Amino acid sequence: MLQYPNLEQALKYHFGYDQFRPGQRQIIEDALQNRDLLIVMPTGGGKSLCFQLPALLKKGLTVVVSPLIALMQDQVEALRNNNISATFLNSSLNPYKVRSREEAILNGKVKLLYVAPERLLSERFLPFLDLVKEKIGIAAFAIDEAHCVSEWGHDFRPEYRQMKSLRKRYPNIPTLALTATATDRVRTDIIQQLGLKQPSIHIASFNRQNLYYEVRSKTKSAYAELLELVRENEGSAIIYCLTRKKVDELTFKLQNDQISALSYHAGLGDEERSNNQTRFIRDDVRVMVATIAFGMGINKPDVRLVIHFDLPRNLESYYQESGRAGRDSEPSRCTLFFSFSDIKTIEWSINQKTDPQEQLISKQQLRQVIDYAEGTVCRRTIQLGYFGERFPGNCGNCDNCRYPKPLQDWTIEAMKFLSCVARCKERFGMLHIIDVLRGGKNQKITQNEHDKLSTYGIGKDKTVDEWRMLARSLLHQGLLEQTSDGYSVLKLNALSWEVMRRQRTVSLAVPIAQKITWEEGSEKAAEAEILLQRLRSLRKQLADEQSVPPYVIFHDSTLKLMTQVQPKTITEFSKLSGVGSHKLAQYGEKFLAEIKAYRQEQGSQEQVKSTPFLGSPSDTELFTLQLYQQGLNVAEISQKRNIRATTIIRHLADLIEKDQPVDLNQLVPLERQKHIWQVLEAVGDISLTPIRDQLGESYSYDEIRLVRGKWRRENRK
Ligand code: ADP
Ligand code: ZN
């Protein structure tokens, strides 16, 4: 401990990071004082470091209890890549390996030992631990996923219960408990069950600032939106669906659209499942379409997008599942698609439950999810409120804060709707009322003679979805009731009558059509992108050589820093966050060489660009052209080069502009070219966004960019 002037230096030396995350420093100081600790931090908060760094600074062995074998292996791999002597003992090892690892431990060669709880407490293992304690000392026990000890938690494991006997056997060895579960009850249970002694308790905020939360309505164009999200958000993505069938269908569709995607659900064989998981973690495949069976124990820090294509069961699950995005603190996106028919499906399955208590809880949970999805205030305020954390709102990083929905006066429509409920004698559900309002012609209407009502057909000017939105909002605002007997019959209350008597107005937060914030990158950003891609390829190659996931080599954030700083010397390189002493020695020169090569190419391109003639294509563009001429389409080129499709489009557009043999007609249908051309003639060469605004959503940026290439070429002549 004395060999480091301060903790920051130790952090940099072993892990390469410049700063502690919130809470980490204080926790580590407490751990170094040998205090018992309860650490509650959200996923991605950086819990592991809280016992890993002290383990390196203290004498003896730190024993880490971890429930999942895959998780153990991941952590040990990552530690070894920082040259930290860590190992694990579990049922996957043969006796010979176990013996040799035990020997290494007894020789003091290991700082961190990961074990599963059942092994820890086995009759053979405890005497071994006694020996370790005597010979080299035990620095601490770290109990990861400590909520498993609690029956109130969501993954209770009976083996964890016996951990208390550990405390009895080694009363003076400090114990750290770590969890991401936020509820009070579980926390108290952990302290009790593990016998923590006057623990220092650290509860971090559950606000995940780097995550952008949004809710979209699941309309007919939902799949197209999903596809766009997947295409526009670079990096790994998880898409959750409710059932295996939906998972397989969606995977199939995505694959058809040239997205590299695989399925994960309990219906697949063990081997296929674990293969798919490995391919995802190693960045061999970009998108994992999964049921909620996927995710527990996935440590992948660079998931950039988590989409819930179906409604989650409750807010806590939503928080945890969406929280698998952006563990590395880089900006990431969490999108929830929400539809009324999903609610119906879930309501139906709740009504199948036989235990009334269970039914009640599920209904309440569903209610909370709906409140979140339909809410017009800051999404964080709703989520964090659920965990008992107050958040003032205006986060600037959710859809409601960025694009507040304008309030509109819908009093007249509300009056129409409510009086239709009254005329139908409060005996029907929402869909029927809407049918009547819109002048439907089905049997239910004629049988009940509802086509004779004065409200029949008076609401043709609004779509079914709009009426539904109004009805949901009326329910929300308490201006209308709904029976909970499974039939959801609409009932009026005193407030409904106030509306009908014009004593009360009704405003509605109307969603505006959501667009993906698609900022057209400046030339510089596009260049940085090319370097980033090259560094990614290098990282992938190094990772494959060692059979580890790419993030074990360097995190995305560190690669980004490399593109920003573009270090020239090994000293400059060593200063980047994420570059520790060991990684510097292992990979420094290789990455520097790649950056240097890139700069040299750029330099020679600069000269080309400064000529007054049309620029000649760059190397990377020529490579794309070559593949294009071999007959590969955009998706295939993108896959082959491991570059985003949008970047390939950029290349093609520039190639067209530079009068290279790329046939625009093969890429954009003539009719659409004509339209785009007209707008370009009218508005001139401005950025893509306003051009697209003119053209409408059915036109993609890609098409516009390609046509603009030709337009520029023609206008330059
Ligand atoms: P948790 O277990 O809380 O979900 P992890 O311990 O896996 O989180 O940490 C999440 C990610 O953050 C890891 O990739 C880790 O390397 C990184 N990390 C942890 N501490 C820091 C830090 N001080 N600076 C930068 N990155 C960090
Ligand atoms: Zn917000």
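**A walk through the model**

Start by selecting Glu-228, which is partly exposed at a relative accessible area of 27%. On this scale, buried means under 20% relative accessible area, exposed means over 50%, and partly exposed is whatever falls in between (1.4 Å probe, protein chains only). Before you click on: this is a predicted model, where local features need pLDDT of at least 70 and side-chain atom pairs count only at pLDDT 80 or more, while totals for chains, interfaces and linings use all residues. Residues are numbered from 1 along each chain as its sequence is written, chains are lettered from A and ligands numbered from 1 in the order in which they are written, and side-chain values use heavy atoms, with hydrogens and water left out.

**Salt bridges**

A salt bridge here is a side-chain nitrogen of Lys or Arg within 4 Å of a carboxyl oxygen of Asp or Glu. The two ends come from distant parts of the chain: Arg-692 sits in helix H34 (residues 688-695) and Glu-228 in helix H11 (residues 222-232), 464 residues apart. Helices (H or I, at least four residues) and strands (E, at least two) are DSSP runs, numbered from the N terminus. Arg-692 itself is buried, at 8% relative accessible area.

Next, pick Glu-102 and Arg-124, whose side chains form a salt bridge at 3.3 Å, N to O. This pair also links distant parts of the chain, 22 residues apart: Glu-102 is in helix H5 (residues 95-106), and Arg-124 is in the loop between helix H6 (117-120) and helix H7 (125-135). Which end is buried and which is exposed? Glu-102 is buried, with a relative accessible area of 7%, whereas Arg-124 is exposed at 51%.

For a local pair, go to Lys-245 and Glu-249, a salt bridge with its closest N and O atoms 3.6 Å apart. Both are in helix H12, and because they are four residues apart, about one helical turn separates them. Lys-245 is exposed at 60%; Glu-249, at 41%, is partly exposed.

Over the whole structure, the search turns up 46 salt bridges.

Have a look at its backbone: Gln-258 has a phi near 65 degrees, positive in a residue other than glycine. Most residues other than glycine have a negative phi. Gln-258 is partly exposed, at 46% relative accessible area.

Ile-259 is in the loop between H12 and E10 too, but it is buried, at 9%. What does Ile-259 touch, leaving aside neighbours within four places in sequence? The list is Leu-227, Val-230, Arg-231, Leu-254 and Val-287, where contact means heavy atoms within 4.5 Å.

Another positive phi waits at Ser-329, about 75 degrees, although it is not a glycine. Find Ser-329 in the loop between helix H14 (315-322) and strand E13 (332-338); it is partly exposed, with a relative accessible area of 36%.

**Asp-36**

Now jump to Asp-36, in the loop between helix H2 (24-32) and strand E1 (37-40). Asp-36 is buried, at 5%. Show the polar atoms of its side chain: the backbone nitrogen of Thr-175 lies 2.9 Å from one of them, and the backbone nitrogen of Lys-197 lies 2.7 Å from a polar atom of that side chain. Not counting residues up to four places away in sequence, Asp-36 also touches others, including Arg-167, Ile-173, Gly-195 and Ser-200.

**Domains**

Finally, colour by domain: domain 1 (7-203), domain 2 (211-402) and domain 3 (407-509), with bounds from an automatic or database domain assignment. The C-alpha centres of domain 1 and domain 2 are 30 Å apart. At their interface, 14 residues of domain 1 contact 12 residues of domain 2. Together the two bury about 1100 Å², 52% of it on carbon and sulfur atoms; buried area is the accessible area (1.4 Å probe) that two parts lose on being put together, summed over both. Across this interface of domain 1 and domain 2 the rule finds zero salt bridges.

Key: A polar contact is a pair of N or O atoms within 3.5 Å; within protein, one must be able to donate a hydrogen and the other to accept it, and residues adjacent in sequence count only if both atoms are side-chain atoms.
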